[in-house]
Amino acid sequence: MANPMRIRAAAKEGVTEVRVLMSHVMETGQRKDSSGAAIPAHFITELVAKHNDKVVLNAQFGPSVSTNPYLAFKFNGGAKGDKVTVSWTDNKGESRTDEVQVA
Amino acid sequence: MRQKIIAAAIAAAAVVAAPQALASEELNFDAYRQMLADGNPAELFEMEGEELWTTARGPKNATLEKCDLGLGANVVVGAAAQMPRYFADTDKVQDLESRLMHCMDALQGIPSAEIINGSFLKGERAKVAALVAYVVGQSKGKPIQVDLAHPKMKEMYAMGEKTFYYRTGAMDFACSSCHSQDGKRIRATSLPNITTSKGAAEGWGSWPAYRVSNSQFWTMQHRLWDCFRQQRTAEPVFGSDVTIALSTFMAGKGNGHEAVWPGVKR
């Protein structure tokens with residue numbers, strides 16, 4: 001079960017800034033554990049951000065992104081009380097969706 | 001050869017405007033830390049801790065909502081800024097970690113021995129760390145305000161001060177070897193001068209912290225344990241008096257200054 005994201009969204013002068021902090025190991029598959037066995041790759045592959053029901057950002061992530069990734073972006077439009085939804089899917093098929101109201 | 005390089009460096013420095021500021025900027029992690037503060041992943045641990053606080057767990061299936069961190073049961077806001085403190089119910093000076101351990105034992109029935117004998121970042125000790133993240137997050141920006149009036153607090157402070165200057169280990173190091181002068185650093189990390197009030201607050205008030213290089217959240221207990229390890233001396237027992245004494249010394253000396261909990265570190 002994936003841990004929740006921390007999402008903040010704030011609208012200012014017709015532009016909404018969204019800041020997302022994800023909880024994910026982002027294991028590259030290149031590392032080895034103390035016994036020398038390779039640690040299997042486990043990372044986010046896709047992220048979708050929606051403003052109400054409209055997709056405003058679609059990103060492809062890879063193993064080079066850090067553990068517990070932080071993502072900030074802006075989109076045009078958005079008003080206080082609107083819904084921003086962020087979902088990610090990783091290479092093991094796990095996913096997490098969190099929602100926040102624009103402040 | 002070396003002299004030539006130094007000469008060249010001096011010549012180069014003369015050309016570049018404000019070389020002093022530039023050099024310190026390159027070496028200093030502070031600017032990077034400021035950039036990271038906005039999305040400090042310690043917040044993820046704060047969220048986990050907040051959930052743990054209100055989750056019924058342990059053999060007694062209880063939450064921590066009856067836990068008294070010094071300001072009354074379930075009062076979390078501002079509690080960390082006043083710790084370590086003397087607790088009458090245990091007749092001990094306790095830091096945040098040892099107090100949480102006491103609450104988990106008394107309220108939830110989770111034996112402290114399990115945490116003391118455990119490992120950092122694992123099991124119940126990792127749970128303590130998440131709780132620490134939550135509690136210190138509720139003292140963000142609050143001034144450090146440790147009451148040293150009680151004789152046991154004075155005793156702890158004195159013991160902490162003694163430990164701070166006590167040289168030990170294979171390299172004959174004391175805490176003061178690295179932390180008693182201004183403007184010192186190890187690689188790119190500037191070292192606070194803990195003999196000053198401002199420096200002590202900087203040291204005390206920036207841990208616990210999220211470490212970017214290993215994606216781990218470290219409590220002050222963890223940080224102090226690592227200081228002892230780096231001194232190449234005997235590693236302290238989790239929540240032992242010596243760790244609480246050092247914490248009391250730092251917090252007491254840093255009184256009045258703002259804490260930036262939880263921190264973010266390289």
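Helices (H or I, at least four residues) and strands (E, at least two) are DSSP runs, numbered from the N terminus. On that basis the elements of chain A run β-β-β-β-β-β-β from the N terminus on, which comes to zero helices and seven strands. This is a predicted model, in which local features need pLDDT of at least 70 and side-chain atom pairs count only at pLDDT 80 or more, while totals for chains, interfaces and linings use all residues. Residues are numbered from 1 along each chain as its sequence is written, chains are lettered from A and ligands numbered from 1 in the order in which they are written, and side-chain values use heavy atoms, with hydrogens and water left out.

**Chain A**

- Taken along the principal axes, the C-alpha atoms of chain A fill a box of roughly 55 × 20 × 20 Å.
- N68(A) is found in the loop between β4 (54–60) and β5 (70–76) of chain A.
- Although N68(A) is not a glycine, its phi is positive, at about 45 degrees.

**Interface between chain A and chain B**

- Eleven residues from chain A and nine residues from chain B make the contact, where contact means heavy atoms within 4.5 Å.
- About 880 Å² is buried between chain A and chain B, with 55% of it on carbon and sulfur atoms.
- Buried area here is the accessible area (1.4 Å probe) that two parts lose on being put together, summed over both.
- Of the area that chain A buries against chain B, 48% comes from R6(A), L21(A) and N68(A), more than from any other three residues.
- One salt bridge is counted between chain A and chain B; the term stands for a side-chain nitrogen of Lys or Arg within 4 Å of a carboxyl oxygen of Asp or Glu.
- The partners are R6(A) and E43(B), whose closest N and O atoms are 2.6 Å apart.
- Over all chains, a search of the whole structure finds ten salt bridges.
- The pair that crosses between chains goes from R6(A) in strand β1 (residues 6–12) of chain A to E43(B) in helix α4 of chain B.

**Helix packing in chain B: α4 and α7**

- Helix α4 (residues 42–53) and helix α7 (residues 123–137) of chain B have axes that come within 7 Å and cross at roughly 100 degrees.
- Axes are lines fitted to C-alpha atoms, for helices over the stretch in contact, and angles run from 0 to 180 degrees between N-to-C directions.
- α4(B) and α7(B) are therefore roughly perpendicular to each other, given that angles under 35 degrees count as roughly parallel, over 145 as roughly antiparallel, 65 to 115 as roughly perpendicular and the rest as oblique.
- On the α4(B) side the contact includes F45(B), L52(B) and W53(B), and on the α7(B) side it includes L131(B), Y134(B) and V135(B).
- Sorted by class, the residues of this contact between α4(B) and α7(B) are nine nonpolar, two polar and four charged.
- In this sorting Ala, Val, Leu, Ile, Met, Phe, Trp, Tyr, Cys and Pro count as nonpolar, Asp, Glu, Lys and Arg as charged, and the others, Gly among them, as polar.

- The axes of helix α10 (residues 197–205) and helix α12 (residues 241–253) of chain B come within 7 Å, crossing at roughly 125 degrees.
- That angle makes α10(B) oblique to α12(B).
- S197(B), A200(B) and W204(B) of α10(B) make the contact with S247(B), M250(B), A251(B) and K253(B) of α12(B).
- The residues of the contact of α10(B) with α12(B) comprise four nonpolar, two polar and one charged.
- α11(B) and α12(B) have axes 10 Å apart and pack at an angle of about 105 degrees.
- These two helices, α11(B) and α12(B), are therefore roughly perpendicular to each other.
- M220(B), Q221(B), L224(B) and F228(B) in α11(B) meet residues of α12(B) that include V242(B), I244(B) and L246(B).
- The contact of α11(B) with α12(B) has seven nonpolar, three polar and no charged residues.

- V237(B) sits in the loop between α11 (220–230) and α12 of chain B.
- Leaving out residues up to four places away in sequence, V237(B) touches I116(B), Q221(B) and T243(B).
- M83(B) and P84(B) are joined by a cis peptide bond, with omega about 0 degrees.
- P84(B) belongs to the loop between α4 and β1 (85–87) of chain B.
- A cis peptide bond also runs from W261(B) to P262(B), with omega near -20 degrees.
- P262(B) is in the loop between α12 and β7 (263–265) of chain B.
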